[in-house]
Amino acid sequence: MRVWCVARVADWLLCVQSRDWRTSSPYPDPVIRRALVVLVTLAAALTLAAPAPASASPRAEDTNPLAGRAWGVYGGRAELAWQPYVRATGWRKKLLAKIALRPKAKWFGGWIPDDKIAGKVREYVANATGGDPEVMVSMSVFRMRPWERTACKRLPTKEEKASYRRWINRFARALGDTHTMLVLQPDGPFALCAPGGSKVPSRLIAWSARVLSDLPNTHVYLEAGASDWLRVDEAVQLLVDMGVEHTRGLALNTTHYDSPEANIRYGAEVADRLATRGMPGKKVVVDTSQSGRPFTYQDWRRNPQDRDYANAAPCRNRTQDRCVTLGIPPTADVTDPATGLSAEVRELAGRYVDAFVWSGRPWLFMQTEPFLLKRALNIARTTPY
């Protein structure tokens, strides 16, 4: 019934847009714009906010802060999939709606200057919530510099460390009491390759984990790679170094394509190991944006393609496997049989996983930019969900 209702809301939205979109701007009249944001949020709430039945998850002692709450959908220029969706018509619009109308974790990073970050956060929150303080937003903070392969070659300078702290403090003040699911520092394992085994990047991330977790309604999940990246003991030490003690838990699979099943099992093992180190009750969010036909990094290495791993080939049809396509839609109802997971895996998810989230961006070139229309249409057309 919830699916039927969401479909009807989506159809109505498409109808409104086809009548009211202005040719002089990619955005509608302000009144229509606000109605669109509210209705998209309502549609997301119908599929995402309903808590799992009491019998489905043995979490009597723990309240999942991501459940029972509407998840906001941002519709603005900072979401690269939004304008292509707005301008599309017909079947193309229906396919792009599978991306544009989902709650996604908008990335905020060093490309936003220190003196601009507060305003960017406020604009995002206002847009994604439609002004409703009870709506939750999804965000990713990707601010560490240097990062990724450059982090293996040098440590942050004194000026970079000062800028990092200034940026995070302004980000936190702007976020305030907003209800937030926050993935902190995608590709977290790059902290392990700091020159000389330095803990400087990890200590900076741990500092920001504490600052952001101190906000009253922000739930921080430290990104620990994916089940096909680090060994469990490596992930545990990484998380300890990056301040997991201050956070709700860990995030997995943001930039990888591994299966939800593998990441659920892996996340559960990491959480259990953290408990033995005096940090019980840590929870997991698993990115499912690009794991509709999962494959591991090792699979990709055995079957090399003429493209970068971050831009792995999209599926060409619905029967192809080991290719990129949209996975389980964002939801806190991780025990729902509609996920297609086995009963045993769903039971495990009910104990350890707060939500399936979309923090990855497989519709973008190299998962960064620009937006690739053909790629987006392929991964929307071939998804099993």
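Which residues does Val270 touch, not counting residues up to four places away in sequence? Select Val270 in this predicted model, then display Val232, Ala235, Val236, Leu239 and Leu250, which Val270 touches.

Val270 is among the residues with the most contacts inside the largest nonpolar core, together with Phe108, Val121, Phe171 and Leu184. This core has 67 residues. A second, separate core comprises 26 residues, including Tyr85, Ala88, Phe295 and Ala312.

Now turn to the largest pocket. Select Trp107, Glu148, Arg361, Gln367 and Thr368, the lining residues that lie nearest its centre. The pocket holds about 1,300 Å³ of space, and its lining consists of 43 residues. Of these, 23 are nonpolar, five are polar and 15 are charged. Colour strand S1 (106-109), helix H5 (117-129) and helix H10 (297-302), each of which supplies at least two residues of the lining.

Proceed to helix H12, residues 373-381. Here Arg375, Ala376, Leu377, Asn378, Ile379 and Ala380 are buried.

Finally, select Thr178, in the loop between helix H6 (158-175) and strand S3 (180-184). Is Thr178 buried or exposed? Its relative accessibility is 12%, so Thr178 counts as buried, the cut-off being under 20%. A polar atom of the Thr178 side chain lies 2.8 Å from the backbone oxygen of Leu175. Beyond its neighbours within four places in sequence, Thr178 is in contact with Val125, Val137, Asn217 and Thr218.

Conventions. Residues are numbered from 1 along each chain as its sequence is written. This is a predicted model: local features need pLDDT of at least 70, side-chain atom pairs count only at pLDDT 80 or more; totals for chains, interfaces and linings use all residues. Side-chain values use heavy atoms; hydrogens and water are left out. On a 1 Å grid over the protein atoms alone, a cavity is a set of points where a 1.4 Å probe fits but cannot get out, and a pocket is an open set with protein on both sides within 12 Å along at least five of seven lines; lining residues have an atom within 4 Å of a point. Grid points are joined across faces, edges and corners, and a volume is the space filled by probe spheres set on the points. Helices (H or I, at least four residues) and strands (E, at least two) are DSSP runs, numbered from the N terminus. Ala, Val, Leu, Ile, Met, Phe, Trp, Tyr, Cys and Pro count as nonpolar, Asp, Glu, Lys and Arg as charged, and the others, Gly among them, as polar. A nonpolar core is a set of buried Ala, Val, Leu, Ile, Met, Phe, Trp, Tyr and Cys residues joined through side-chain atoms within 4.5 Å. Buried means under 20% relative accessible area, exposed over 50%, partly exposed in between (1.4 Å probe, protein chains only). Contact means heavy atoms within 4.5 Å. A polar contact is a pair of N or O atoms within 3.5 Å; within protein, one must be able to donate a hydrogen and the other to accept it, and residues adjacent in sequence count only if both atoms are side-chain atoms.
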